[in-house]
Amino acid sequence: MTCVTLTHLCLLVILGFRMLEKPEKPHKTRKSSRAPRIRVPNKERALFTVDTEKFIGVVHRLSLTGGSAILAKGCVPEGTLAQLGLNTVFGKVTAQIEFLHAGADGIPLAQAFRFLDMDRVSSRRFGDAVKQMQSAGFSDVEEKRTSIGDVTFQTLSKLRGSINRLSGVISSGRRTRA
């Protein structure tokens, strides 16, 4: 085993970054982005209608494309079509939905659904309600900070961590040779 002692900190930093770099991932040609998800406050209830059967569900999450709910009657078969009635501060929202898989959001009784159709008035009301819940802080999406200070701090933190790891590797090599 050959030991190398570096006398310049710049070389140590460059080597540290080279050794710790991850191989580049292939560039994705299509960016898929998920609609922001909203944690619905206050255990809001919605009325679900499958054929002529009506039942209540507690809405757990919502997004512009669907959501999840815990249904009073338990889970329904995946692919079941239903109508959703939901009261918002902007008025009643009605939509055609399709039930998806059970176990949504890691909750065994929560069932995911997606919106298939919503009239223009309901769509406007629903969009306004989602915006209001997002601005109230119920969104799962964290806003990314992009100030120069944050970027500098993150870069220096990574640099410090790399130097500490390399220092540990170099010192453990010196102890074993002595």
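Start by selecting D119, which caps the N-terminal end of helix α2, with a side-chain oxygen 3.0 Å from the backbone nitrogen of V121. Polar contacts of this kind are pairs of N or O atoms within 3.5 Å; within protein, one must be able to donate a hydrogen and the other to accept it, and residues adjacent in sequence count only if both atoms are side-chain atoms. You are looking at a predicted model, in which local features need pLDDT of at least 70, side-chain atom pairs count only at pLDDT 80 or more, and totals for chains, interfaces and linings use all residues. Residues are numbered from 1 along each chain as its sequence is written, and side-chain values use heavy atoms, leaving out hydrogens and water.

**Along helix α2**

Next, select residues 120–135, which form α2. Helices are DSSP runs of H or I with at least four residues, strands are runs of E with at least two, and both are numbered from the N terminus. At 1.5 Å a residue, the 16 residues of α2 should span 22 Å, which agrees with the 23 Å between its end C-alpha atoms; the expected span is 1.5 Å times one less than the number of residues.

Now colour S122, F126, G127, A129, V130 and M133, which are buried in α2 (under 20% relative accessible area with a 1.4 Å probe, protein chains only; exposed is over 50%, partly exposed in between). Seen down the helix axis, the buried residues of α2 fall within an arc of 165°, so they line one face; the arc is taken from the directions from the axis to the C-beta atoms. Turn to the other side of α2 to find R120, K131 and S135 exposed.

What covers the buried face? Show β1 (38–39), β3 (53–62), β5, β6 and β7, which are among the cover. Then step just past α2 to G137, which takes a positive phi of about 95°.

**Over to the strands**

Select β5 (residues 81–88) and β6 (residues 91–102): they run antiparallel, joined by eight bridges. Strands count as paired if DSSP finds at least two bridges between them. A hairpin of two residues links β5 to β6. Pick L81, and you will see it opposite E98 in β6. E98 also has a bridge partner in β7, namely R114. Strand β7 (residues 110–118) runs antiparallel to β6, with six bridges between them.

**Zooming out**

Finally, show the whole protein chain, with its three helices and seven strands. Along the sequence they follow the pattern α-β-β-β-β-β-β-β-α-α. Of the 178 residues in the chain, 29% are buried.

Key: Contact = heavy atoms within 4.5 Å.
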